[in-house]
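Subject: Structure handover

Hello,

Here is the structure I promised to pass on. Please keep it open while you read the notes below.

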Amino acid sequence: MPNPESPADPAQDAQEPTDAARRRRRAQFLRELTEARELRDRVQPRRAKAARLRHAMRMRTFRW
């Protein structure tokens, strides 16, 4: 009977590429999200300024 904790376990080998692929997909998603936010800020500068002010107010009133 094979040892389930052994590194030769096919399920463990299959997990690593899945993790790498998941990290790649997540990085791509975050890049696209940042790009979309930057585009929205350029297209709607008034809304972007209001969002910056709201964020600054939240950060000022945040207690550690």
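Helices (H or I, at least four residues) and strands (E, at least two) are DSSP runs, numbered from the N terminus. By that rule the chain has two helices and zero strands. Helix α1 covers residues 10-43 and includes Asp41. Helix α2 covers residues 45-61 and includes Arg58.

Two points on the source. This is a predicted model, in which local features need pLDDT of at least 70, side-chain atom pairs count only at pLDDT 80 or more, and totals for chains, interfaces and linings use all residues. Residues are numbered from 1 along each chain as its sequence is written, and side-chain values use heavy atoms, with hydrogens and water left out.

Surface first. Accessible areas come from the Shrake-Rupley method with a 1.4 Å probe; for residues, only the protein chains shown count as cover. The chain's accessible surface is about 6600 Å², and carbon and sulfur atoms account for 57% of that. Buried means under 20% relative accessible area, exposed over 50%, and partly exposed in between (1.4 Å probe, protein chains only). Of the 64 residues in the chain, 2% are buried.

Now the charges. Lys and Arg count as positive, Asp and Glu as negative; His and the chain ends are not counted. A patch takes residues with over 30% relative accessible area and no salt bridge, and joins like charges within 9 Å, or nonpolar side chains (Val, Leu, Ile, Met, Phe, Trp, Tyr) within 5 Å. A salt bridge is a side-chain nitrogen of Lys or Arg within 4 Å of a carboxyl oxygen of Asp or Glu. Each charge is placed at NZ of Lys, CZ of Arg, CG of Asp or CD of Glu.

- Negative surface patch: Glu32, Glu35, Glu38 and Asp41. Asp41 is partly exposed because its relative accessibility is 37%.
- Positive surface patch: Arg22, Arg23, Arg24, Arg25 and Arg26. Arg22 lies in helix α1. Arg22 has 42% relative accessibility, so it counts as partly exposed.

Last, the polar contacts. These are pairs of N or O atoms within 3.5 Å; within protein, one must be able to donate a hydrogen and the other to accept it, and residues adjacent in sequence count only if both atoms are side-chain atoms.

- Gln28 is in helix α1. Its relative accessible area is 34%, so Gln28 is partly exposed. The Gln28 side chain contacts the side chain of Arg31 at 2.6 Å and that of Glu32 at 2.8 Å. Glu32 also belongs to the negative patch.
- Arg58 is exposed, because its relative accessible area is 51%. Its side chain contacts that of His55 at 3.2 Å.

Best wishes
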